[in-house]
Each structure stands twice: as C-alpha cells, then as structure tokens.
Amino acid sequence: MLRATLTDDTFYLNLGPQHPSTHGVLHLLLRLDGERIVECEPIIGYSHRGHEHMAQQRTLSQFLPNTGRMDYLAALMYNHAYCLAVERACGIAVPPRAEYIRVICAELNRIGSHLLWFGAYLLDLGGITPFLYAFDDREDLLAVLGEITGSRLTYNYCRFGGVARDLNQAFCDGLEAFIPKMRRRLADYHTLVSKNIIFINRTRGIGVVDADTALAAGFSGPCLRASGVDYDVRRAEPYSLYPELDFEIPTGQNGDCFDRFMVRLQEIEQSLRIVEQALERLPEGEVKAPAPQHPTPDPGDYLFTYESARGRVGIYLVSGGGRVPLRMKWQVPSFNNLSVLPSLLPGTLVADTIAILGSIDVVMPEIDR
Amino acid sequence: MEAEASLHELKRLLDDRCGSLSWQEAEPALCGYSHTIWLEVERLRCLARVLADSGLVLEFITAVDRGHGLELVYFFSRPAAGWRLKVALRTAEGQPAPSICDIYPVANWQEREVFDMFGQRFDGHPDLKRILLPADADFHPLRHDFQAGEQHDGDHFDLERD
C-alpha cells in the first residue's frame, strides 16, 4: 500500500457492459491498484428505451404494457403500482376481490424476484448449487403465475379497475403445493447458505453502509432495511390492502452484504404470510369494475409510491387535463441504490466488488428505463 | 399529531433561516404530498441545508417542461413520518440552477438525469454529464420541443468514439 502512495501504478479495468456478474448491461469503469479499487465509475444507459418519453406520447391505457418492461423481475408489481397510481388520480374504484388477487400476485412476484436474486447472487460468489435450487422453486412459481397471467416474465395482468381474469383451479392448486414447498426450501437455504462459513466470510463486514449514509444516498427497499432503517412504503404510506394484513418488516443491523442477503430471505417468508392471509380472506365477486377506456385525471400532479422488490417506486404524473399526460416520471429504486458505488467501492477488492454489486440487487432495464 | 408538530417546527426553522416561504397545502390522499413550496432559484440551497439538518431525505428530482422555461421539482420526505414536501422552482431558458449534491449525495445522479433529459444546468455539480443517453447525443428528449424520429437514423451515435 505504501508503494501505491509513492508511485502511480494504477490501471483501468472495464467490468462489463457484457459480464455475467453485472446483472444486465452495466459497465463499471474501475481504476485499480493491484487488486484494490481506487476509483469506480458506473456507466449506465445501455438499455435506455425512453419509457418516460413513450408515456408522454400515448394515453395512460396505452402505456400499461410498458410498465412490466422496466423492472422485468417485478413486472406485476410495476403493473400494480401503475394501476393504483392511475386509479387514485382518476378516482376509479376497484372491487375487493380484484385487489386481493393483485396483492397475492404482487407478493408472489416479490418472492420470484428474490429467488432469482438469491440464485444469481450465490452464482456470483461461486456457488452453483443454490442457483439450481432457486430456479427450481422459481420455475414452480412462474408456472403458477402463468396460469392466470398468461406470461412468464413481462406480465400485463392488472387493469384499471381490476385484473384481466379471475383465479382458476390450476392457480389455486399450484399455489397450495408451492407455499409449503417454499417454506421447506427456505429452511434448506438457511442450512445450505446462511450458515456456510465460506459464504459468511465473503459477505459479512463487506460493503458496509450505515443508516445515515444509506438515507443520504437515497437507498430504499431491502438495502435500506439491511442498514437498520425499518422504512417500507407498505407501512409508511399504506396502500391497497396492506393496512389490514399482518406482516413484519425484516431489518438488519450492520448494513453489510450478509444483512442484505438475510433481509431478502426473510422477506420471502413475510410475502408467503401475506399470500396466505389474502387467500384465506379472498372475497367473492367481480374482478374488474368498469373504467373509462382512456382515464383522464384532472389537471394537476400526482405522486404515488409503491414498495417494489428493490425498494420505493415513485410514479409522478403531471396532467394538463388531456388524455395524454404532460409528464410521467418513474423514480426507480435501483437508480439511487446503484449510485452509492463510487463512494462505497474504493479500497475494496475486485472480488468484493462482485459481492457488493450483487447484494444491491440492481435490474438495469429498471435503472435505464 | 407528531407529524404535524414536526412540520410546524420545520416551518419555523425555514422562516428563520431562509426568509418566509409560500406554503401551499395539498391533498396527500390524492396527490401524494402534503405541501408545495414555490421558491426562487437563489434560495434552494438554503432550504436544502435546513431540510438536510432536519433529517429529511431527498427522494428524487425531476422537471416538467410546459413550453415556457422549466419547472424543477424536488420531493423531500421524512422516512416513516408520513408526509412529503414538494419543492418547486422555475428556471428560464438557459438559466442554471444551483446543485445540491454536496448537501444530498443522492442529488448527484438525479441532477445528471435532469440535465440529460431536459438540458438543465446545475451550478456546482462536480461532473455534470449525460447519464442515460450516449455522451455525443445532441438533444434532450424530454423537452417540450423534442420530436422523436429525426435524430434516430441508425448511425447517429458514433459507437467507436472511445
């Protein structure tokens, strides 16, 4: 280290944009001193498709399919968030059964997103087995969701005023098998990974973000909760059914990679609880209320926030009174979560970069929009 | 009650340190924030300092272009307190706004995005450059006068630039 302060032997390394551990097309320009990082500049925008611009060129209904293509791992949650935002701005009522179905699907989607993250994260750290387990479970889940949504990833299931179709027998049977299996697997994951000394050594005390730094950096979601802040939009600004449901907000203490890992695994359990409660109380009735073909909010601006798998999604809608919005901003959680890297990485090893980046759980198409 | 008390305290603090501001009440159950503060560009940094000292977080920055200058919008909130402030200011064509990224680190990328999408400059930003569009793009796609299609003839971007 002394040598590094005397002479400049640093060199640049491009990590990505094509690299399996960058979870999409993320490009990290690293300045290295041997194995240690001196400087990091994330370069993003490779999958920028202009969703906000598209939203400002079409009616609110026409934009609905776009929502699932931002965060493709939490497409149902983005669907749900967008519908809730438009329904609140336009005063569209939703039948109770539809809202229950939406919450069930959103929480299943959260489990699916965390499962994919879990598998991919362990793969980043060199463990192949957990990946196979996680994808096995996720496959069951995708099959169940596919029964009613008709798609695997880029769902477009929610509608203004409800959902596209009612639950069917195959969905209910699939879910009945999935929940106990997922619980057994969760126990396996803890045995296999959480108590694994190699895993613990790779993640504990690595990439520590304390609560103040996390808040100043605009963190939200599991990353913020791992730093010990129990902020969850479902609690802070309750929407949909969440005030009636009984669930906990898992938090960590140290804000390191290990805590971020544990928070997500615990959230899978909480999401299972929510799904069970919603299924138990599922009311009978319609799943779609009549809504205008092209809802038009009164002139003004509307901000709706939603807790997605990666944190707070904010949909800021500015209406001039026409069918096409004047402005639609999507504040996405990964954008802020990723922006902490330039201050977090210096001084760490390249191998830890992978551990830290993975633990933040970024989805690039969400960031790039 | 606690939320109201903390909001009242904040009002007093802001009046003390930044001069009186115009607060407009909003309907949180409909539009997601409790108050709008309209202010001049010069007072933004003073306000941001007070908010940061009071423990408010900056959620995001964006802009709205209605065709006559830009409207910059900042959303601040206190985690879990259940209220949110919208701070809005207008900039004339070409007029820079002060950067607040030394006060709120999260503003760094947020301001870059507003610059990228709207061409708004921020004085004092350490590295104000494009963030989502390629570095050699010569347009700002969320501006009022932007027409999609003209710029995208396939070979607009010089991919060999580096």
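**Close-up views of a predicted two-chain model**

View 1. The model is predicted. Gln110(B) sits in helix H4 of chain B, which covers residues 107-118. Which residues does Gln110(B) touch, leaving aside those up to four places away in sequence? They are Phe60(B) and Ile61(B). Leu58(B) is 52 residues from Gln110(B) along the chain. The C-alpha atoms of Gln110(B) and Leu58(B) are 10.0 Å apart.

**View 2. Chain B on its own.** Chain B holds four helices and seven strands. Along the sequence they come in the order α-β-α-β-α-β-β-β-β-α-β. Chain B has 162 residues, and 36% of them are buried. How much of the contact in chain B between residues at least 6 apart joins residues at least 24 apart? The share is 49%.

**View 3. Where chain B meets chain A.** The contact involves 26 residues of chain B and 32 residues of chain A. On the chain B side, the elements giving two or more residues are helix H2 (28-31), strand E3 (57-65) and H4. E3(B) gives the most, with six residues. By class, this side of chain B has 20 nonpolar, four polar and two charged residues.

**View 4. Helices H4 and H5 of chain A.** H4(A) spans residues 75-90, and H5(A) spans residues 96-124. Their axes are 7 Å apart, and the helices pack at about 140 degrees. The crossing of H4(A) past H5(A) is left-handed. H4(A) brings Ala75(A), Leu76(A), Met77(A) and His80(A) to the contact. H5(A) brings Arg102(A), Cys105(A), Ala106(A), Asn109(A) and Arg110(A). The contact of H4(A) with H5(A) has five nonpolar, two polar and two charged residues.

**View 5. Helices H5 and H12 of chain A.** H5(A) also packs against H12(A), at an angle of about 160 degrees and with the axes 9 Å apart. Are H5(A) and H12(A) roughly parallel or roughly antiparallel? The two helices are roughly antiparallel, because the label applies to angles over 145 degrees. Their crossing is left-handed. Residues of H5(A) in the contact include Tyr100(A), Val103(A), Ile104(A), Glu107(A) and Trp117(A). H12(A) contributes residues including Arg264(A), Glu267(A), Ile268(A), Ser271(A) and Leu279(A). By class, the contact of H5(A) with H12(A) has twelve nonpolar, two polar and five charged residues.

**View 6. Helices H12 and H15 of chain A.** H12(A) covers residues 257-281, and H15(A) covers residues 350-360. Their axes come within 9 Å and cross at roughly 30 degrees. H12(A) and H15(A) are therefore roughly parallel to each other; that label needs an angle under 35 degrees. This crossing is left-handed. From H12(A), Cys257(A), Arg260(A) and Phe261(A) take part. From H15(A), the partners are Ala355(A), Ile356(A) and Ser359(A). The contact of H12(A) with H15(A) has four nonpolar residues, one polar and one charged.

**View 7. Helix H7 of chain A and what covers it.** H7(A) runs over residues 169-194, which makes 26 residues. At 1.5 Å a residue, H7(A) should span 38 Å. Its end C-alpha atoms are 36 Å apart, which agrees. Which residues of H7(A) are buried? They are Phe171(A), Leu175(A), Phe178(A), Met182(A), Tyr189(A) and Val193(A). Their cover in chain A includes H5, H6 (129-149), H8 (197-203) and H12.

**View 8. Two loop residues of chain A with positive phi.** Most residues other than glycine have a negative phi. Ser240(A) has a positive phi, near 50 degrees. Ser240(A) lies in the loop between helix H11 (233-236) and H12 of chain A. Ser240(A) has 18 other C-beta atoms within 10 Å, so it counts as partly exposed. Asp361(A) is not a glycine, yet its phi is positive, at about 60 degrees. Asp361(A) is in the loop between H15 and helix H16 (364-368) of chain A. Is Asp361(A) buried or exposed? Asp361(A) is buried, because it has 28 C-beta neighbours inside 10 Å.

Technical notes: Residues are numbered from 1 along each chain as its sequence is written. Chains are lettered from A and ligands numbered from 1 in the order in which they are written. This is a predicted model: local features need pLDDT of at least 70, side-chain atom pairs count only at pLDDT 80 or more; totals for chains, interfaces and linings use all residues. Axes are lines fitted to C-alpha atoms, for helices over the stretch in contact, and angles run from 0 to 180 degrees between N-to-C directions. A crossing is left-handed if the near helix is turned anticlockwise from the far one by less than a right angle, and right-handed if clockwise. Two residues are in contact if their C-beta atoms, placed from the backbone, lie within 7 Å. Ala, Val, Leu, Ile, Met, Phe, Trp, Tyr, Cys and Pro count as nonpolar, Asp, Glu, Lys and Arg as charged, and the others, Gly among them, as polar. Angles under 35 degrees count as roughly parallel, over 145 as roughly antiparallel, 65 to 115 as roughly perpendicular and the rest as oblique. The expected span of a helix is 1.5 Å times one less than its number of residues. A residue is buried if 20 or more other C-beta atoms lie within 10 Å of its own, exposed if 12 or fewer, and partly exposed in between; C-beta atoms are placed from the backbone.
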